[in-house]
Amino acid sequence: MPHFSNKKIIVLLVSTVFLVALIGFSLSNRHNATLPEQIIKDTVGFAQSVAAKPTGYITGIYSNIEALLNTYEENKRLKSRLENFVVLQSEVDGLKSENKKLRELIDKEDSLRDFQPIHATVIARNPDQWEEKIILNKGQVHGIEKNMAVMTAQGLVGKIIAVTPFTSEVELLYTKNANYRISALVQGGKKDIVGAIEGYDGERNELILKRINPSFEVEVGKQVVSSGLGGIFPKGILIGEVTEVTTEDFGLTKMAYVKPSADFSMLENVIVAKRDMTAIDGSDGDGTNVNLTDPPEEEEEE
Amino acid sequence: MFIRLLIPTIAVLLFLFEPLLAMFSPIVIGEQIVFLVPRFLILYLIFIAIYYNRKRAVLYGLFFGLLYDVFYIDIIGLYSFLYPLLCFIAGWSVKYIHQHLVITTVLAVMLVASMEIALYEFFFLINFTPMTFQMFLNNRLIPTIMANLIFLAMLGWAFKYLINKRVLQRAHNGA
């Protein structure tokens, strides 16, 4: 063993105490970066986005080759769907114009569905993977704010948990964070059924939709979308498909397993949804990390 | 001059390279999801600690650990403690072991494995992961060790070659 003098032991003790204090401090407000942290994040983020460019180029070539190999198969499949598509398109056009007319009729212009897309590139993924996080190359100056929805063309992938002027952090849907909630609804029945995406089943690789009213019948195979009632997410972003319905632990409400529609393995380009309608704080918002089951004393407004 | 700058430059490149490789993970093999965690930077720093200069390795460890904490983890003090500690242990072990490349490689990978276990214990303690130790062992630790071992087997000699060059150059200048 190395020989320790008294002075060394004191330094060791002091630094241990300092370390524990530092960890405690940064654990308590993880998602509000202080100024030096922001500066470091932006600098590293810049270097990271430069480094990500050639890699993106190489993976681009690789996926191009892969796409080329599948062309014939894909072409066959797409041709068969094309005919349906034309019919669907005309139907959508009709519905859209009808929707617009009806909205004008009732004088309601804003919709929870409207959002401005902000395109962003993934510059890094948290390499130690204890938390499912990715980092984007757009930040506050591009209009990104905390808790916004992040999606790909296939569906929702996560939400923004921290922003600095030029970068932002996204926590992915399949996080192990128990306080990660998204207000969602099951579509396709006679009536939309409201629930909340809470948590992720690691063994099944599926999301869990909880707090469903037990008087409603949820069918397997129906699509789950964001409800927009959580306050910040726009309405109608596809989350996934119901695969199984069971009752929750206490038997009071139902829960469903949802297979996410987005592919999480190689995220490169994502879209951040900035909702047009005023955002309020709800279950998607800052309330995310609040303990809802046992809430602290709140000021009451009468 | 060139080689002198090369050592920190490679550390920076490895730091930037890690998250890019992490984008390919997790991999699904059969029924299992396998996490591969790239730990290239710390392996390189361990090599520096063993073949070059312990103090410098600890300083690099502190610097990059802090960057890692701030940029990815948002918990300051985790990697900025573990990285220097690992470099310190590696530098200290020099007195007791033979500096053969194979032994160094095994030692470095073992140190990284112990770091993974320490991190698992920490994240388990603060309730970030519900993973059991058995799952951690099968899905994370063993694949990670394998991947990093392959990486080091491919590039370990290059690290050693580079660092030895620098040591020789230094001795030459000093003489």
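Predicted model: local features only at pLDDT ≥ 70, side-chain atom pairs only at ≥ 80, totals over all residues.

1. Chain A has 3 helices and 12 strands. Of its 302 residues, 32% are buried. If you take the contacts in chain A with a separation of 6 or more, 63% of them join residues 24 or more positions apart.

2. On the domains: chain A splits into domain 1 (29–69 + 110–173 + 263–278) and domain 2 (181–260). Their C-alpha centres are 25 Å apart. Where they meet, 13 residues of domain 1 of chain A are in contact with 13 residues of domain 2 of chain A. On the domain 1 side, strand E3 (149–152), E4 and strand E12 (269–275) of chain A each supply at least two residues. That side is made up of 8 nonpolar, 2 polar and 3 charged residues.

3. Which residues touch the most other members of the largest nonpolar core? They are A:Val150, A:Met151, A:Val157, A:Ala184, A:Leu209 and A:Val270, in a core of 54 residues. Strand E4 (residues 155–163) of chain A gives the most to this core, with 6 residues. Both domain 1 and domain 2 of chain A contribute residues, so the core lies between them.

4. Leaving out residues up to four places away in sequence, A:Val157 touches A:Val150, A:Met151, A:Thr152, A:Leu172, A:Leu173, A:Ala262, A:Phe264, A:Leu267 and A:Val270.

5. Now the contact between the chains, which takes 27 residues from chain A and 28 residues from chain B. On the chain A side, the elements giving two or more residues are helix H1 (6–28), helix H2 (35–69) and strand E1 (115–125). H2(A) gives the most, with 9 residues. By type, the chain A side divides into 14 nonpolar, 6 polar and 7 charged residues.

6. From chain B, look at helix H1 (residues 2–22).

7. Still on H1(B): the helix bends by about 25 degrees at B:Pro8. Its length agrees with expectation, because 21 residues at 1.5 Å a residue should span 30 Å and the end C-alpha atoms are 30 Å apart.

8. Last, helix H3 (residues 71–105) of chain A, which bends by about 35 degrees at A:Leu82. How many of its 35 residues are buried? The count is 0, so to speak a helix that is hardly covered. After H3(A) comes A:Asp107, with a positive phi near 65 degrees.

Notes. Residues numbered from 1 in each chain as written. Chains lettered and ligands numbered in written order. Contact = placed C-beta atoms within 7 Å. Helix = DSSP H or I, 4+ residues; strand = E, 2+ residues; numbered from the N terminus. Nonpolar A, V, L, I, M, F, W, Y, C, P; charged D, E, K, R; others polar. Bend = angle between axes of the 7 residues up to and from the residue. Buried ≥ 20, exposed ≤ 12 C-beta atoms within 10 Å, placed from the backbone. Expected span 1.5 Å × (residues − 1). Core = buried A, V, L, I, M, F, W, Y, C linked by C-beta atoms within 7 Å. Domains from an automatic or database assignment.
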